Amino acid sequence: MLRLVLAGWLACLSTSMLPAQTARKSASAVPADETAYQRALAVAEPAAQLAAILQFFTNYPNSRSVPMMVGRAFAAATQGRAPNAQRSVALAENVARRLAKASPMARSEAARAIAQGLLARNFAAEAEAYARQATLDLNLEDHVARERQRYRQRVDLSTARDPEYKALPFYVEEARERYRVQEAGAWATLARALMKQGRDAEARQALVKSLAAARTADGASAYAELAAKEGDTNTVLDALGTAILTGKADQGMLDRFQTAYRGAGMRMEAERWLDSRYRRESRNPLPISKYAGPTASPRRAVLVEIVTGAACEACVAVDLAADALLQRYSRQDVVLLAHHMHAPSADPLVSPAAEARTRFYAASGTPTVILDGETIEPGEGMGSVARPVFDAVDAAIQKRLAVPPEARIDLKAWWSGTDLRVEAGIEGIADAPGLQAKVFLVETEVSYSGENGFRLHPMVVRSDAGFALKGATRVAAAFAVGELPGELRKSMESHLDGMRARFPGGTFELREERYQVDRKSLGVVAVVQDEATKRVLQTSFLRVE
């Protein structure tokens with residue numbers, strides 16, 4: 001039995017190669033291949049669209065849009081008629097011929113897309129040759145060079161639009177991490193072509209290579225299918241568990257896992273089993289040591305707020321850094337608030353309170369890091385970039401720890417039926433206009449396998465209450481915890497309805513619901529802040545008993 005270890009932090013290819021501010025700014029000029037891509041897709045008549053797509057391949061063989069366009073070419077060629085092997089093979093050959101002069105990795109990506117197009121039409125034998133070619137054209141050096149070129153293009157584009165734009169360095173290791181995902185995908189596609197032909201032993205060999213490169217939902221799911229044929233329930237659960245923990249499992253994979261789990265007669269509830277496995281196998285790559293440096297007297301609790309998303313692959317480095325900070329510092333020194341956004345897909349951990357907080361800071365993208373009310377730019381990216389991100393935030397925190405707080409907070413919380421009552425006594429503040437107190441209700445840990453590979457999300461903001469302050473005061477808030485699931489559901493449904501109205505014909509569904517709020521994992525965070533300058537005077541955290 002192959003043990004599918006959760007090696008590293010998977011984040012498959014995204015459009016983000018630069019800091020978040022790159023994605024937030026509209027470009028003054030669009031690259032030529034992107035313009036041609038959009039024009040081809042805008043052609044309505046299938047034959048004319050196919051001609052435009054084929055010309056795109058001739059003109060821009062190295063475009064990152066080629067794989068997507070291959071799928072579009074197959075769709076246009078078969079629209080309104082049944083798949084035909086001769087026509088499909090002829091199309092594949094036409095596309096491959098036009099892309100013959102592309103770089104090795106561009107050819108690999110295109111060959112894989114061609115194989116997938118043929119597989120979708122059940123032409124497995126024809127797909128195999130292209131899938132094999134995709135593995136043969138894999139080239140790490142070329143992949144890194146392509147990623148560097150894309151990075152440079154985006155820097156130039158952003159700099160042209162904003163002369164004060166400051167780009168982060170290009171991280172070779174992040175490019176290598178992305179390559180491993182590409183490598184895994186190529187071998188998994190070959191395995192699928194072999195499985196459809198009943199050549200399971202060869203498919204298993206391909207999947208071993210795929211899963212050794214990176215864990216992917218497709219690779220793990222395919223391995224589970226092979227194990228199911230042999231009646232190996234343990235491997236089925238192991239493999240489908242891996243697929244789920246990537247955050248990219250589709251509904252079919254989720255259903256198969258639940259069926260296998262029930263059939264195995266497991267004593268532990270399935271979600272707890274997945275949580276336990278995640279804790280056991282996932283490792284934060286950051287070396288963590290407890291902070292033993294100087295602090296101000298009286299002590300300041302530095303407030304670290306991250307705007308993130310469970311589907312945000314560019315947020316992986318920031319999320320890892322946040323997790324490491326929680327282990328490095330006590331809650332007397334550092335308090336975290338995680339404000340989730342729908343970035344780029346629907347995130348069940350979003351709340352109206354989190355959305356309001358991101359608006360307060362005018363945070364227009366993910367990830368965003370805010371330290372005691374000041375937005376900083378520590379960087380972003382996949383797990384391989386976590387160290388420089390962590391170092392930047394950690395250094396900023398240590399500077400803040402040396403600054404005495406400008407307020408004192410005495411925080412209390414108790415249950416009154418299903419309501420959580422919170423009281424914060426605030427002293428030591430100046431009698432100045434614009435001061436406010438915010439009380440946030442957080443879940444200290446929420447279990448959900450997001451598309452960026454994280455499952456256990458810390459300090460997720462679920463609700464809040466705000467108060468204007470003047471001199472020493474005491475504020476009180478009551479959170480109707482029993483009503484929160486309904487409020488979160490209503491907010492999500494409103495978001496999905498808005499997306500459907502904005503993009504008619506699109507499919508917008510929530511992959512998994514996470515509306516329930518665990519009373520055993522609640523905490524409250526009180527913040528004293530200047531509403532105009534955003535400066536945080538002091539923060540306090542209390543775990544709810």
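Reader: Is arginine 387 buried, partly exposed or exposed?
Author: Partly exposed, at 39% relative accessibility. Buried means under 20% relative accessible area, exposed over 50%, and partly exposed in between (1.4 Å probe, protein chains only). This is a predicted model: local features need pLDDT of at least 70, side-chain atom pairs count only at pLDDT 80 or more, and totals for chains, interfaces and linings use all residues. Residues are numbered from 1 along each chain as its sequence is written, and side-chain values use heavy atoms, with hydrogens and water left out.

Reader: What does arginine 387 meet in a salt bridge?
Author: Aspartate 391, at 2.9 Å from N to O. A salt bridge here is a side-chain nitrogen of Lys or Arg within 4 Å of a carboxyl oxygen of Asp or Glu. Aspartate 391 is partly exposed, at 34%.

Reader: What about glutamate 443: which residue does its side chain meet?
Author: Arginine 462, at 2.8 Å, N to O. The pair links distant parts of the chain, with glutamate 443 in strand β7 (residues 435-447) and arginine 462 in strand β8 (residues 456-468), 19 residues apart.

Reader: Buried or exposed, those two?
Author: Glutamate 443 and arginine 462 are both buried.

Reader: Switching to glutamate 281. Which residue is its partner?
Author: Arginine 280, with the closest N and O atoms 3.8 Å apart. Glutamate 281 is buried at 11%, while arginine 280 is partly exposed at 42%.

Technical notes. Helix = DSSP H or I, 4+ residues; strand = E, 2+ residues; numbered from the N terminus.
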